Amino acid sequence: MTDSLPLPLVIRDLGFRYNSRTTPAIEDINLHLEPGQIVLLAGSSGCGKTTLMCCVNGLIPHTYQGYMQGEIELYGKSIKGMGLAEISKHVGTLLQDPERQILGTYVINEVCFGLESQGMPREEMIQKAEKALERLHITHLKDKETHYTSGGEKQKVALAGVLAMEPNILLLDEPLASLDPASAREALLAFRELADEGLSILLVEHRVEDVLEINPEKVIYMDNGRVVYQGDVKGLLETADYTRIKLPAQTVMRRAKGKPFEECCFAVPAFDPQSEPLVSFQDVCFRYKEDGPEVLHGINLDIRAGEVIAILGHNGSGKTTTVKQALGLLKPTSGQVLLEGVETRKTTVANVAKTIGYVFQSPSQMLFAPTVREELAFGPENLGMDKETVSQNVDWAIETVHLEHELPMPPLALSFGQQKRVSIASVLSMKSRILMMDEPTSGQDYWNYQSFMNTILQTPGFDAILFITHDLDLALTYANRVVVLYGGQVMADGSPYEVFADDEQLRQWRLLPTSLLKLNREMYAQTGQFLRAEALSQLAG
Amino acid sequence: MLVAWNYRYRNSLIDRIDPRARLIFSFAVLIAATSTWNSLLLAIIFMISILWYAAAKLSWKDTKRGWMMISILLFTMIVVNTIITGGGAGGVVPEGGQLVWPDGFNLFGRHLTFGLTVERLWFAVAQLMRILSISLVFIMIPYTMDSRAYGVTFRKLGLPDRLAYTMELSFRFIPTLARNFQVTLDAQRARGFELDSVKGGIFNKIKRIAPLIIPVTMNAIVSSEDIANAMDLRGFGQQKRTWLYELKYHWWDYAVIAFAVIMLGGVLFLAFGRGMRLFHVPQWWYGLFN
Amino acid sequence: MYSNEVSKQEKKSLWRFGTKEVVYAAIGAALYAVVTWAFNVWQIPGAGNVGVRPAVVLPMFFGIAFGPIVGFITGFVGNILADLLSGYGFWVWWDLGNGIMGLIPGLFSVLITNYKSGGSILRAEISVVLGVLFGMGLAAVSEMWVSGADMNTVIFGNFLPAFLTNVLWGLVLLPLLMVAYSAIVSQSGR
């Protein structure tokens with residue numbers, strides 16, 4: 001620290017309580033940012049990191065009201081009394097979901113939004129926007145429609161929109177949440193580059209393992225609204241709760257040694273390679289429009305009882321499009337999909353639902369009923385089950401996800417995690433034979449998604465389970481079969497050990513080897529299967 | 001569901017005219033055409049509209065859907081209301097008049113009487129010219145106007161920043177919401193939901209929409225909070241806005257506006273000052289039916 | 001250390017049009033366009049400009065929830081955008097009519113205290129009938145002026161079909177949306 005220049009950001013004894021709450025969301029926060037620093041702020045959801053960000057970027061108190069204590073200074077000047085426009089000249093914020101941050105129809109319009117709001121003359125605006133695009137190496141996207149850019153591109157476009165306003169401090173709110181591993185890595189490298197150019201970055205993320213790769217100068221671990229740890233990376237690895245945030249596998253293995261741990265067991269029946277396939281893809285090709293490009297090129301895939309399949313692939317590799325073929329939501333352009341021997345072209349989606357239960361990614365896109373009970377009854381009623389069966393199924397489904405007390409509540413009034421569980425229960429209640437899930441862990445923090453996956457896999461009643469993900473660790477710990485899609489083709493299909501054999505190959509599929517994979521490979525001679533780090537620590541002598 | 005805007009740059013005369021001048025022209029036609037039933041004036045306006053439409057170089061393939069809709073409209077309005085029942089002309093053409101078939105006519109061996117009058121038939125022609133003039137001018141807007149231009153056009157025509165920007169923001173979220181709508185539809189279908197298999201009466205049919213419209217709407221409202229924050233964090237509404245999309249008047253834009261003003265002024269003058277406002281049937285038309 | 005209260009208690013003002021309202025209006029209009037467009041297949045030919053459109057509930061609901069300006073824009077801009085998407089052109093009096101269907105419920109929004117109470121729902125339903133009456137009334141009357149039809153034709157050919165379908169869709173769907181919205185309000189503490 002120098003005494004001559006004030007620091008970009010200093011926070012002293014900060015506390016905040018929302019008007020609608022009785023307990024503070026954050027308390028006694030002290031931290032500072034130096035130029036060129038990346039500070040990683042880790043913690044599980046509800047730890048107060050979002051509130052802290054809102055205090056810095058001015059949304060508190062301008063949009064959210066409550067009681068604030070302490071002091072925040074930007075370059076030695078208190079932000080009290082500063083308007084949002086003034087704060088935004090220093091602090092740029094990248095929100096979690098780029099889909100909701102992007103305001104322009106075209107990339108260049110998006111990048112110019114903040115400058116337009118400042119009333120900047122057009123020529124100057126274009127100059128700054130072009131500079132921002134160049135900084136992130138996305139000049140080629142300039143005239144594209146934002147809606148048609150990929151997830152990773154969207155993130156960078158949104159970031160360019162923030163950078164165009166030339167802030168000195170960047171707040172990044174879980175920027176990796178929606179990205180596949182390769183795009184996440186690219187984004188992280190871009191953040192490092194910006195910090196090296198002199199920006200101060202406060203990065204909120206629970207995928208700690210990934211962030212460590214770009215060597216954050218400082219890490220902060222928050223829990224329950226308080227800073228639990230602040231210092232270098234090494235210290236964090238020793239203090240942070242490894243069930244709450246995702247730490248490198250080696251660290252978890254070392255620290256979990258001797259601690260009680262329950263390995264998740266699959267409830268699906270034993271696998272029999274001779275059994276009739278439940279679902280069978282035969283040379284499935286697909287294009288959305290007759291004259292459009294082909295997006296699936298000859299998919300062959302059999303799903304049998306006893307399998308827990310992870311469909312793995314980068315954003316846009318055709319994972320969801322493939323699964324929709326099984327449901328009959330999309331019909332193959334050529335080839336066929338057989339469902340227990342019946343072609344999906346010859347049946348209705350409603351009929352398919354008796355066999356396959358499909359859980360969509362975002363619960364809020366399906367919940368509508370005034371009570372949880374009605375929500376769960378919707379599926380079975382549609383399938384024409386009688387009242388008694390419906391009621392039995394609903395009771396069973398809600399017990400499975402442990403939300404019995406919420407039956408009379410409106411689903412939309414529940415928390416995100418609870419909504420996610422209601423959405424799965426509303427599919428469970430149809431008692432389908434196969435469960436399929438699209439990105440089952442999205443939007444949940446590390447702790448929640450682990451317990452969620454454990455619950456699902458231990459739920460009896462399914463012949464097979466399939467989930468779509470771009471999280472390699474999820475695939476290798478929870479699946480007994482992995483299918484890798486790349487560019488609309490099946491690139492690999494087999495046990496996790498077989499599919500994840502070659503790092504170079506993984507990189508080509510835009511999947512990155514993780515520390516857990518490396519560890520599992522090293523110990524494979526001993527384990528004979530892939531396990532979670534906690535389980536490995538029990539075995540390592 | 002893929003949203004495809006109908007706009008395309010066609011390198012036409014219209015493409016070269018400033019959107020503001022185009023809107024002013026369009027509204028001048030609308031007002032002119034609706035302020036008179038005089039067939040001569042309507043014929044002149046109709047000719048101008050045809051030229052304007054031709055200048056946009058639109059293909060039939062592009063505009064087919066719109067014209068189908070307008071054909072249905074015109075059919076009900078003119079064939080059903082004006083020619084068959086007569087109510088479509090009732091606001092302008094008085095009762096009575098000269099019958100086209102005073103003695104009735106024979107069709108498939110049956111004798112029919114039909115109260116269509118010569119006056120009403122001429123009114124149908126006037127009506128056709130009026131509605132077509134308006135249609136020609138307004139149907140081309142989606143095909144000729146860049147979605148990025150609406151906000152700034154309305155801003156420069158005098159709407160406040162916030163209202164004009166609302167329009168621009170709407171365009172941004174249409175493809176996102178269309179995709180969300182598709183996702184919700186798929187999610188509910190995967191729960192056995194079928195829109196068309198509804199038992200029960202009309203209320204149940206309408207209620208059947210709830211599983212679609214509720215998630216889509218609520219989801220949109222929840223994301224509004226983030227969107228508003230994203231805007232506030234980039235200083236929205238704190239100052240007078242500038243717009244990236246550039247609008248520039250050229251001499252020909254002034255000419256278009258001047259023409260529109262003169263045309264409208266002329267029509268209004270002739271209609272209200274020279275008694276050419278009301279419907280009237282020319283003598284030669286009666287001659288055809290004697 | 002000191003403590004200070006930073007609560008600018010904002011009164012629920014009828015004509016407020018801040019950033020949030022800009023977003024609600026834009027989202028409402030876009031949603032109206034998308035839903036209309038998605039249900040275009042349900043159009044009954046021969047009913048004039050009148051289609052069977054569940055989307056009509058959106059301006060009413062956005063009016064009730066976010067006030068008259070948001071309600072009006074949802075209907076007015078929404079109808080313009082729907083026609084742009086379908087390639088139908090630009091029909092200003094029907095656009096205005098749709099706007100009024102949101103404006104009038106918006107005026108009633110001050111009377112809505114709790115989105116799931118019977119009284120509030122009743123007041124909202126009354127506003128639906130009034131909104132459609134004035135909105136479709138204006139559109140139908142201007143049709144008379146534009147096309148020269150007589151009162152009877154306009155009432156039976158344009159107004160009644162539009163009035164009845166819109167009121168029906170509005171009355172049935174609006175309470176469902178209000179109840180769903182009340183859950184969201186309680187969840188976020190809005």
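Read along the sequence, chain C goes β-α-α-α-α-α-α. That is one strand and six helices. Before I go further: this is a predicted model, and everything I say is computed from it.

Staying with chain C, 59% of its 190 residues count as buried. Of the contacts in chain C with a separation of 6 or more, 71% are between residues 24 or more positions apart.

Chain C also touches chain B. The contact involves 50 residues of chain C and 58 residues of chain B. On the chain C side, the elements giving two or more residues are α1 (19-38), α3 (68-86), α5 (118-147) and α6 (151-188). Which of them gives the largest share? It is α1(C), with 15 residues. In terms of residue class, this side of chain C has 36 nonpolar residues, 12 polar ones and two charged ones.

A brief word on chain B itself. Its domain assignment gives domain 1, which is 29-145 + 250-288, and domain 2, which is 150-232. The centres of these two domains of chain B, taken over C-alpha atoms, are separated by 37 Å.

Now chain A. This chain has 23 helices and 20 strands. Its C-alpha atoms fill a box of roughly 75 × 60 × 50 Å along the principal axes. For 541 residues, a compact globule would have a radius of gyration near 24 Å, and chain A has 25 Å, so the two agree. Buried residues make up 52% of chain A. As for contacts in chain A with a separation of 6 or more, 71% join residues 24 or more positions apart.

Chain A is divided into domain 1 (9-247) and domain 2 (279-513). Their centres, again over C-alpha atoms, are 33 Å apart. Where they touch, domain 1 of chain A puts in 15 residues and domain 2 of chain A puts in 11. On the domain 1 side, α7 (151-163) and α8 (181-196) of chain A each supply at least two residues, and α8(A) gives the most, with four. That side of domain 1 divides into three nonpolar, eight polar and four charged residues.

How many of its five residues are buried? Five of the five are. On one side of β3(A) sit A:Ile38, A:Leu40 and A:Ala42, on the other A:Val39 and A:Leu41, and both faces are covered.

β3(A) pairs with two strands that I will mention. One is β8 (residues 200-204) of chain A, which runs parallel to β3(A) and is joined to it by four bridges. There, A:Leu40 stands opposite A:Leu203. Another is β9 (residues 218-223) of chain A, also paired with β3(A) in the parallel sense over four bridges. In that pairing A:Leu41 stands opposite A:Ile220.

The helix to look at is α5 (residues 107-117) of chain A. Because 11 of its 11 residues are buried, this helix is largely enclosed by the rest of the structure. The buried residues of α5(A) include A:Asn109, A:Glu110, A:Glu116 and A:Ser117, along with A:Val107, A:Ile108 and A:Phe113. What covers the buried residues of α5(A) includes α3 (84-90), α6 (122-135) and α7 of chain A. Just after α5(A), A:Gly119 takes a positive phi of about 75°.

The last item is A:His147, which lies in the loop between α6 and α7 of chain A. Why is A:His147 counted as partly exposed? It has 19 C-beta neighbours inside 10 Å, and a residue needs 20 or more to be buried. Setting aside neighbours within four places in sequence, A:His147 is in contact with B:Pro175 and B:Thr176. Within its own chain, A:His147 and A:Val233 are 86 residues apart, and their C-alpha atoms are separated by 38 Å.

Terms used: Residues are numbered from 1 along each chain as its sequence is written. Chains are lettered from A and ligands numbered from 1 in the order in which they are written. This is a predicted model: local features need pLDDT of at least 70, side-chain atom pairs count only at pLDDT 80 or more; totals for chains, interfaces and linings use all residues. A residue is buried if 20 or more other C-beta atoms lie within 10 Å of its own, exposed if 12 or fewer, and partly exposed in between; C-beta atoms are placed from the backbone. Two strands pair if DSSP finds at least two bridges between them. Two residues are in contact if their C-beta atoms, placed from the backbone, lie within 7 Å. Ala, Val, Leu, Ile, Met, Phe, Trp, Tyr, Cys and Pro count as nonpolar, Asp, Glu, Lys and Arg as charged, and the others, Gly among them, as polar. Domain bounds come from an automatic or database domain assignment. The radius of gyration is taken over C-alpha atoms; the globule rule is 2.2 Å times the number of residues to the power 0.38.
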